[in-house]
Amino acid sequence: MQLSLVDAVLSNRLSQAGLQALPTAGAGGTASSGDVYAPDPSKLVELSGYGQLLSAASRFNDTLAAGAGSFSGTRDANSTSSSVATASYDASAAAAAYSLNVTELAKGRSVASAYFASSSEGVVSVGSFTIQTGTVDGVGAFTADSSEAKTVTVTDGSLTGLAAAINQSGAGVTAAVENDAYGYRLKITGNQIGAGNSFQLQTNTSDPFVNYTANFNILNFAQTQAATNSSYTVNGGSVQSGTTNNVQVDTGINATLKAVGTTTLATVDATTLAQNLTSAYNALQGSIKQATGTGGAVNTNAGTANQLATDLRSQATATYVNAPSSLTSLSQLGFSLSNGDATSPLTLNTTTLQAALNSDTSGTLSLLAQAVSALKGTSAGYTDAANTNPANGLLAQQLSLLDSIKTGITTANPGLSGLSSNVVDNLVRREIGAGAAALGLSGISIYA
């Protein structure tokens with residue numbers, strides 16, 4: 001087979017440097033024999049093994065994140081990304097999951113004046129104007145609400161005086177003088193968010209002595225933020241709300257929106273959470289057992305994986321502070337480990353769990369929530385991208401192996417030292433990808 005265009009360019013660079021060109025690919029685009037740059041297959045197997053363990057631990061984290069909220073009754077409402085939204089529920093909520101995509105948060109209207117050289121010198125005349133609250137539609141048209149407009153009486157025509165007068169009017173807005181490199185300006189912001197809580201500055205028709213229109217022209221207010229609703233989708237359906245707090249997701253379940261982004265909201269009962277915990281724990285420990293056992297992908301370098309298994313077992317058998325409840329260990333909720341092996345499976349006796357729920361509901365839920373949080377934290381310590389010490393994280397093991405593979409290729413081919421680091425890195429990526437394909441390996445992420 002012919003080389004791809006990218007590989008052909010890389011092969012040409014090697015030839016120009018007096019090095020062996022890349023061989024043409026074998027069937028399916030895999031590496032062919034005679035490739036002097038091919039990495040050590042055992043390193044690729046180990047790299048794949050740690051990649052698969054990283055994926056397994058990430059799935060474990062995601063499962064537990066969907067059940068790490070706080071309980072009320074015997075059900076939990078939670079969010080997989082609490083920085084985007086948090087969830088709450090009442091007794092009418094069914095056990096379900098919802099995909100929430102927040103595209104905009106509700107905001108209040110803000111306007112700002114032109115810039116002036118001073119905040120204390122008079123810029124407008126004394127007199128009065130009004131502030132009317134109301135709503136804005138989709139094209140920004142303002143409609144006054146039924147409330148009476150608030151009168152702002154100006155006795156000091158400086159920006160500071162205007163701010164004080166506005167804040168004393170009770171008009172539902174806050175005024176402040178801002179100072180930056182351009183000078184001073186007056187900013188007015190609505191106290192309430194949402195398109196239904198806008199405001200408008202108006203001349204006071206009951207003040208026959210001063211037409212404040214001229215003063216408005218001097219101040220030259222411009223809108224800096226429109227009053228807008230929160231916009232989000234729930235399972236693909238578009239929704240808008242004039243607030244960010246307790247917006248309805250479905251019957252009995254609400255969300256507090258915190259940032260633009262996506263999350264999954266879910267309600268789950270305590271028994272289901274315990275069963276999900278058991279299944280997720282066993283899936284991860286099973287992956288570790290397979291990878292570290294005889295003939296396993298990381299058998300010759302299993303320290304990190306074995307330590308993760310040991311740490312998970314320690315959390316599953318730990319004693320938790322759970323006052324005033326006497327329930328302090330998962331064994332009291334029906335969880336058990338079959339033997340002393342670090343990767344032994346977790347089992348759950350649902351009859352014991354239900355008895356604990358019946359006799360001490362709050363204590364059972366508190367203990368379960370603590371254990372879920374602790375187990376997730378333990379696993380996350382091995383998947384965190386910031387954990388780059390090769391003695392610790394799974395990702396760090398992949399990075400270390402990638403460096404080892406790169407060193408092996410460059411040591412076997414010293415002429416590569418005359419090429420740029422980008423060319424060498426591209427060659428390493430190419431060889432890892434071709435080698436993995438030839439061996440039928442998965443779970444390899446290339447960070448080199």
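**View 1. Arg-430 and Glu-431 form a salt bridge between buried residues**.
Arg-430 is buried, with a relative accessible area of 13%; buried means under 20% relative accessible area, exposed over 50%, and partly exposed in between (1.4 Å probe, protein chains only). Glu-431 is buried too, at 1%. The two form a salt bridge, their closest N and O atoms 2.8 Å apart. A salt bridge is a side-chain nitrogen of Lys or Arg within 4 Å of a carboxyl oxygen of Asp or Glu. Salt bridges link Asp-7, Asp-35, Arg-430 and Glu-431 in a network. The whole structure holds 7 salt bridges.

This is a predicted model: local features need pLDDT of at least 70, side-chain atom pairs count only at pLDDT 80 or more, and totals for chains, interfaces and linings use all residues. Residues are numbered from 1 along each chain as its sequence is written, and side-chain values use heavy atoms, with hydrogens and water left out.

**View 2. Glu-178 forms salt bridges with Arg-185 and with Lys-187**.
For Arg-185 and Glu-178, the closest N and O atoms are 3.2 Å apart. For Lys-187 and Glu-178, the distance is 3.8 Å. How far is each residue buried or exposed? Arg-185 is buried, at 18% relative accessible area. Glu-178 is partly exposed, at 27%. Lys-187 is partly exposed, at 24%.

**View 3. Four strands make an open antiparallel sheet**.
The 4 strands run in the order E9-E10-E5-E12. Helices (H or I, at least four residues) and strands (E, at least two) are DSSP runs, numbered from the N terminus. Strand E9 (173-180) and strand E12 (222-225) stand at the edges; each has a single partner strand, so one side of each is left without a neighbour in the sheet. The twist averages 30° from one strand to the next. Strand E5 (residues 110-112) pairs with E12 in the antiparallel sense over 3 bridges; two strands pair if DSSP finds at least two bridges between them. Ala-112 has Ala-222 of E12 as its bridge partner. Helix H3 (residues 159-168) packs on the sheet and touches E9 and strand E10 (183-190). The direction of H3 makes about 160° with that of E9. Axes are lines fitted to C-alpha atoms, for helices over the stretch in contact, and angles run from 0 to 180 degrees between N-to-C directions.

**View 4. Helix H9 spans residues 394-412**.
H9 has 19 residues and reaches 27 Å from its first C-alpha to its last. That is close to the 27 Å expected at 1.5 Å a residue, a span taken as 1.5 Å times one less than the number of residues. Its buried residues include Leu-394, Leu-401, Ile-405 and Ile-409. What covers them? Among the elements are helix H2 (41-65), helix H6 (303-316), helix H8 (361-383) and helix H10 (421-439).

**View 5. Phe-142 lies in strand E7 (residues 142-144)**.
Phe-142 is partly exposed, at 22% relative accessibility. Its contacts (heavy atoms within 4.5 Å) include Gln-132, Val-136, Ser-198 and Phe-199, not counting residues up to four places away in sequence. Gly-196 is 54 residues from Phe-142 in sequence, yet 9.7 Å away in space, C-alpha to C-alpha.

**View 6. Residues 26-31 have pLDDT under 50**.
pLDDT is the predictor's confidence in each residue, from 0 to 100. For residues 26-31, the model has 12 contacts beyond four places in sequence. The chain has a mean pLDDT of 86, and 90% of its residues reach 70 or more.
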